[in-house]
Amino acid sequence: MFRRYELRALVKTLIALLMVVNLAHAQNAAPNDSSFQPYEEIKEFEKSSMSHLNRRVFFFVHFTCPFCRQTHAPVLDWSAGIPHGYEFEVIPAVGIKDHIPMAIGYYTVMTLAPEKIEEYQTVLYRLIQDQGLSATSASTYVKAARLIGIDAAVFTKAAQSSDVKTMVNRAYLLTEAYGLEEVPAVVLGNRFIAKPAAV
């Protein structure tokens with residue numbers, strides 16, 4: 001009974017979030033259509049080998065994506081209100097080889113200075129989207145790290161660590177497991193997924 005209540009609360013928070021996340025994709029939505037549902041249920045994962053993720057909330061992003069940038073801060077604010085016992089995590093989606101430098105940069109900062117990750121994300125959006133730096137070049141991520149006070153040599157060494165490689169591989173496996181081809185996407189409790197294709 002308690003578990004069912006938690007899931008209902010999670011769905012309610014999902015709907016509230018989707019009003020923010022899917023605003024950028026509203027032109028594709030059909031809010032007057034009674035069959036419209038702003039999320040997909042992913043029942044097959046709840047009792048699968050991925051069941052250890054049942055109490056996680058993932059926000060998949062790319063720092064090249066203007067919709068991710070637009071919704072990033074509201075989603076972080078929203079994450080403070082998710083039901084007790086769930087953990088929130090931002091994941092750089094890794095669908096193809098070109099996404100790997102972005103994930104390496106992100107997880108290197110998570111390893112070295114997790115308290116600076118929000119500042120790092122903001123800098124990445126600015127460098128890539130406003131200044132036109134390459135999202136596939138390691139130098140972009142080194143520059144962003146320098147701008148938040150992380151030494152370039154320290155960053156470069158940490159980027160080659162086994163911990164960072166493990167986290168990048170996990171991001172790839174999760175991106176693939178949830179079949180993500182577009183971002184932003186939110187996965188709640190390994191049970192519901194909201195992504196642009198759903199609207």
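Student: Which hand does the crossing of H5 and H6 have?
Tutor: In this predicted model, the crossing of H5 and H6 is right-handed.

Student: And at what angle do those two pack, and how far apart are their axes?
Tutor: The angle between H5 and H6 is about 130 degrees, and their axes lie 9 Å apart. Angles over 145 degrees would count as roughly antiparallel and those from 65 to 115 as roughly perpendicular, so H5 and H6 are oblique to each other.

Student: Which residues actually meet there?
Tutor: From H5 the contact involves Glu119, Tyr120, Val123, Leu124, Arg126, Leu127 and Ile128, and on the H6 side they meet Thr140, Tyr141, Lys143, Ala144, Ala145 and Leu147. Sorted by class, this contact of H5 with H6 holds nine nonpolar residues, one polar residue and three charged residues.

Student: Switching to the core, which members of the largest one touch the most others?
Tutor: Those are Phe60, Tyr120 and Tyr178, in a nonpolar core of 52 residues. Elements giving two or more residues to this core include strand S2 (56–61), helix H3 (66–79) and helix H8 (162–177), while H5 gives the most, with seven residues.

Student: What does Phe60 touch, leaving out residues up to four places away in sequence?
Tutor: With those left out, Phe60 touches Ile91, Ala93, Leu174, Thr175, Tyr178, Leu180, Val183, Pro184, Ala185 and Val187.

Conventions: Residues are numbered from 1 along each chain as its sequence is written. This is a predicted model: local features need pLDDT of at least 70, side-chain atom pairs count only at pLDDT 80 or more; totals for chains, interfaces and linings use all residues. Side-chain values use heavy atoms; hydrogens and water are left out. A nonpolar core is a set of buried Ala, Val, Leu, Ile, Met, Phe, Trp, Tyr and Cys residues joined through side-chain atoms within 4.5 Å. Buried means under 20% relative accessible area, exposed over 50%, partly exposed in between (1.4 Å probe, protein chains only). Helices (H or I, at least four residues) and strands (E, at least two) are DSSP runs, numbered from the N terminus. Contact means heavy atoms within 4.5 Å. Axes are lines fitted to C-alpha atoms, for helices over the stretch in contact, and angles run from 0 to 180 degrees between N-to-C directions. Angles under 35 degrees count as roughly parallel, over 145 as roughly antiparallel, 65 to 115 as roughly perpendicular and the rest as oblique. A crossing is left-handed if the near helix is turned anticlockwise from the far one by less than a right angle, and right-handed if clockwise. Ala, Val, Leu, Ile, Met, Phe, Trp, Tyr, Cys and Pro count as nonpolar, Asp, Glu, Lys and Arg as charged, and the others, Gly among them, as polar.
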